[in-house]
Amino acid sequence: MIDHSPARLVFIRTCIFLLQHAPWIELCLLLALPLFLPINSPWLHALSAIIAGLLVLEVTFAIFIYLPHKSRLKQLAQHPPPLTRDERKSLFERCIANIPNLERYLLLWFLGANPSDIRRDNVRDFLLWAFFDRDGAQPAPYSDNEPPSSHHEELESYIHRIETLLGRQLPPGRGAATPLRLTLDPIDTRYHSVIWYLLIALIDLTTQARLRLAGFTHHSPPTSITTTFPPVPFPGARRLTPPTSLPYWYRPHTSRSHLPILFLHGIGIGLYPYITFLSSINSTTSQDDTSQVGILSLSLLPISSRLTTPPPSRSAFLTSLTCILASHPEFSHGFTLVCHSYGSVLTTHILHSPELSPQVKSLVMIDPVSILLHLPDVAYNFTRRKPRGANEWQLWYFASMDLGVAGVLGRHFFWRENVIWRGELRSFLEAEGEERARGEGKRKVAVCLAGRDLIVDTKSVARYMLSEGNFGDVPEQDGFDADVDWELSGSEGVDVLWFAGLDHAQVFEGKRSRERMVDLVRRYCTVDGEIGGGG
């Protein structure tokens with residue numbers, strides 16, 4: 001993520017303008033060239049041919065690739081199975097107990113509306129989406145034991161609970177406020193030129209070359225221009241067949257004193273920003289062990305500036321990942337799970353999986369978005385905030401308004417499936433008795449946060465991870481100083497690392513912070529005793 005400065009703001013706004021309006025710019029240039037160059041000039045003919053070719057390519061791309069992919073955004077989200085009333089109540093109470101500021105919570109979920117416009121019916125609309133996955137116009141997906149009237153009573157109890165905590169009554173009726181309902185609202189996007197996707201293809205080729213030099217091989221299912229654009233050839237790639245349908249990069253594991261690593265990246269341009277980080281976790285893990293720590297990194301195409309098929313459902317993702325890990329026997333002894341940003345969502349699915357969770361022996365979450373996901377910051381900052389600074393404009397156009405990313409977040413991102421709670425991380429740590437009895441060592445969890453994160457309310461996340469009981473608070477004199485880097489152990493045994501001066505994803509950009517992450521991952525890979533290696 002770029003820093004904000006006037007020069008960077010001008011640069012990023014210029015790039016956005018050129019890429020968003022490329023067809024019209026090319027057309028205007030084509031029509032204007034004869035005004036500035038003689039009719040018989042060879043420069044006129046050469047430039048006109050180049051610009052005309054770009055314009056034809058742009059129009060062809062827009063009609064046959066971009067618009068068909070965009071039409072998918074009109075489809076309705078396929079929400080997960082509804083919760084029971086007891087499950088909804090438990091989830092609601094867990095959420096309401098972990099809100100640092102209820103007034104701000106409501107204002108941000110209602111897009112900064114006037115508080116007087118947030119009335120009982122508006123809050124009911126929000127609760128219907130958040131806990132029932134529907135709007136008021138849709139019929140309720142009742143279970144056999146839930147009469148239709150029970151939903152009305154349940155909603156009234158939730159609204160009354162909110163009013164009690166607010167210390168005031170919500171006005172009756174409906175105001176002008178509109179809630180953010182991520183999977184129900186229309187999806188907003190902006191056009192991205194074919195030139196942008198050609199740049200992504202070039203970045204992919206660079207990524208491929210560098211990863212191969214670092215000892216990685218690529219495993220991918222067959223793709224075509226109709227399913228994935230831009231299609232980048234991977235010579236020598238090992239072809240996958242269903243259900244192993246997730247492409248990934250793999251470096252063999254030979255160490256007997258370290259765990260292999262499963263890496264899940266975030267939204268952006270694929271694995272390119274992580275190459276130096278992954279390559280640095282190399283053979284020199286210790287003086288006594290010069291063998292190689294293996295790394296398996298998924299390539300999550302729907303969030304990598306691609307026009308491609310929708311992401312797999314939670315169950316399909318877990319099935320595919322299980323097959324991938326089974327094809328590399330060294331992962332059967334356990335692995336270290338490292339995730340960044342959106343990768344923390346998939347981490348939640350893995351930790352909730354009875355089959356895969358026991359294989360995770362240590363966990364490093366970098367810039368996670370899944371902790372306190374019930375708060376409005378991630379959804380609002382990513383999809384609704386009006387950009388101002390250079391970093392916000394970069395996030396808005398190249399991520400939020402990207403066709404693939406917008407589709408993932410607007411139709412395939414279900415917050416209650418994706419959220420991870422501190423107590424669940426504690427359960428993960430405590431589910432080690434059997435492993436320790438076998439001499440496999442203690443499980444470890446680290447959460448790494450950026451103090452200037454433009455997406456996540458990292459101060460609230462840090463206080464939540466360091467406090468006792470419900471949300472709570474940790475005063476600065478007890479060790480929480482947001483202006484300096486620190487590393488503390490939370491109340492649940494989770495290590496929290498704070499990078500005061502960094503924005504989202506910048507931990508991978510600076511040498512000092514990146515080396516600190518590499519050192520942390522190496523330590524978390526180390527196990528007591530010898531484990532099976534090779535494969």
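Biologist: How are H10 and H11 oriented to each other: roughly parallel or roughly perpendicular?

Modeller: This is a predicted model. Helix H10 (residues 314-326) and helix H11 (residues 343-351) pack with their axes 10 Å apart, at an angle of about 75°. Angles of 65 to 115 degrees count as roughly perpendicular. H10 and H11 are therefore roughly perpendicular.

Biologist: Which residues in H11 meet H10?

Modeller: By class, this contact has 5 nonpolar, 1 polar and 1 charged residues. H10 brings Arg 314, Phe 317, Leu 318 and Leu 321. In H11 they meet Leu 346, His 349 and Ile 350.

Biologist: Is helix H14 largely enclosed or largely open, and how many of its residues are buried?

Modeller: Buried means under 20% relative accessible area. The buried residues of H14 include Leu 403, Val 405, Leu 409 and Arg 411. H14 (residues 403-411) is largely enclosed by the rest of the structure, because the buried count is 9 of the 9.

Biologist: Which helices do the buried residues of H14 pack against?

Modeller: Gly 404, Gly 407 and Gly 410 are among those buried residues. Their partners, taken for the buried set as a whole, are helix H3 (42-71), helix H12 (377-383) and helix H13 (390-400).

Biologist: Which side chain reaches a backbone nitrogen at the start of H14?

Modeller: The backbone nitrogen belongs to Gly 404. A side-chain oxygen comes within 3.0 Å of that nitrogen, and its residue is Asp 402.

Biologist: Where does pLDDT stay under 50?

Modeller: The mean pLDDT of the protein is 89, and 88% of its residues reach 70 or more. One stretch under 50 has 8 contacts beyond four places in sequence: residues 472-477. Another has 18 such contacts: residues 529-535.

How values were computed. Residues are numbered from 1 along each chain as its sequence is written. This is a predicted model: local features need pLDDT of at least 70, side-chain atom pairs count only at pLDDT 80 or more; totals for chains, interfaces and linings use all residues. Side-chain values use heavy atoms; hydrogens and water are left out. Buried means under 20% relative accessible area, exposed over 50%, partly exposed in between (1.4 Å probe, protein chains only). Helices (H or I, at least four residues) and strands (E, at least two) are DSSP runs, numbered from the N terminus. Contact means heavy atoms within 4.5 Å. A polar contact is a pair of N or O atoms within 3.5 Å; within protein, one must be able to donate a hydrogen and the other to accept it, and residues adjacent in sequence count only if both atoms are side-chain atoms. Axes are lines fitted to C-alpha atoms, for helices over the stretch in contact, and angles run from 0 to 180 degrees between N-to-C directions. Angles under 35 degrees count as roughly parallel, over 145 as roughly antiparallel, 65 to 115 as roughly perpendicular and the rest as oblique. Ala, Val, Leu, Ile, Met, Phe, Trp, Tyr, Cys and Pro count as nonpolar, Asp, Glu, Lys and Arg as charged, and the others, Gly among them, as polar. pLDDT is the predictor's confidence in each residue, from 0 to 100.
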